[in-house]
Amino acid sequence: MSSARPHASLIDLTGKSALVTGGSRGIGAATALLLARAGASVGITYRTRRADAERVLEKLREIQGGTNGYDPLALGADLTSRNACDEVVREAKARLGRLDVLVANAGIWKPDDVSVEEMTDDRWSQTVGVNLHAVFYVCRAALGVMEPGGRIVIVSSTAGQRGEAYHSDYAATKGATIAFVKSVAIEVAPEINVNAVAPGWVDTEMCTETFARDGGAGRREIEAGIPLGRVASPDDIAGPILFLCSDLGRHVTGEVLNVNGGAVLCG
């Protein structure tokens, strides 16, 4: 993708600052780079993938070249900790000068199929901690410092809309984030817009094992169930997120934007 800012006359985030959780790879990295191309000052969080985060930082620097007077930042943190979320938001605001956009993207999905009867307490607790508690903590912290006109976008999933057998932990947390979005959107309107995107299958590291099953048959089977005929790229999800963060989405709040190639038709 070109480093030039796309459609600057329609989407211009110059003067805005954004924080993207889980921004070291996948959807988070693609979103951070697209926000930067639109002119925003961007910070990302990561948990353990420091080297990946550094590569994203280099790309952010290439996009903006210091023209807006800030240096992009990567903050390492375990967002399942309330104190860590509070600190990440404080640090992002201090270094970026303000906070206008939060993209709560960090999440986990375990590829091994596990029934409810076989699911361990540890797996359930870990998934709930990362996919739900962390979303709550970081959103609460961001709302305490966010500028009027701000945007929060939470990355949910089709699993939260239709369920996902043998991944009930993941589906439950993603369904909860949808309910959370609809609740918080009313609480903070009209100052802040709060929305979700619900991707289907995305070509990220998290899904690699599933795609590779049976010599690639896993991916072919998945794609056969997608009317548009392909798995989404991270950029396919980042674009709708950018829309929700821009003035083009100013009258959208409490919504779930489905980005799944037609695989799940709801809403």
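**Salt bridges in this model**

Let's start in helix α3, residues 82–96. R90 and E87 both sit there, 3 residues apart, about one turn of the helix. Keep in mind that this is a predicted model.

What do R90 and E87 form? A salt bridge. Their closest N and O atoms are 2.9 Å apart. Side chains of opposite charge can pair when their charged atoms come close. How accessible are the two partners? R90 is partly exposed, at 48% relative accessible area. E87 is partly exposed too, at 39%.

Next pair: D112 and R123. They form a salt bridge, with the closest N and O atoms 3.3 Å apart. Where are they? D112 is in the loop between β4 (101–104) and α4 (121–143), and R123 is in helix α4, so this pair ties together parts that are 11 residues apart in sequence. Now, buried or exposed? D112 has 38% relative accessibility, so it counts as partly exposed. R123 has 7%, which is under the 20% cut-off, so R123 counts as buried.

On to R230. R230 forms a salt bridge with D236. The closest N and O atoms there are 2.8 Å apart. R230 is partly exposed, with a relative accessible area of 45%. D236 comes out at 25% and also counts as partly exposed.

One more case. Which residues are linked in a network of salt bridges? R49, D52 and R55.

Finally, the whole structure. How many salt bridges does a search find? The count is 15. Among them are R90 with E87, D112 with R123, and R230 with D236.

Conventions:
Residues are numbered from 1 along each chain as its sequence is written. This is a predicted model: local features need pLDDT of at least 70, side-chain atom pairs count only at pLDDT 80 or more; totals for chains, interfaces and linings use all residues. Side-chain values use heavy atoms; hydrogens and water are left out. A salt bridge is a side-chain nitrogen of Lys or Arg within 4 Å of a carboxyl oxygen of Asp or Glu. Helices (H or I, at least four residues) and strands (E, at least two) are DSSP runs, numbered from the N terminus. Buried means under 20% relative accessible area, exposed over 50%, partly exposed in between (1.4 Å probe, protein chains only).
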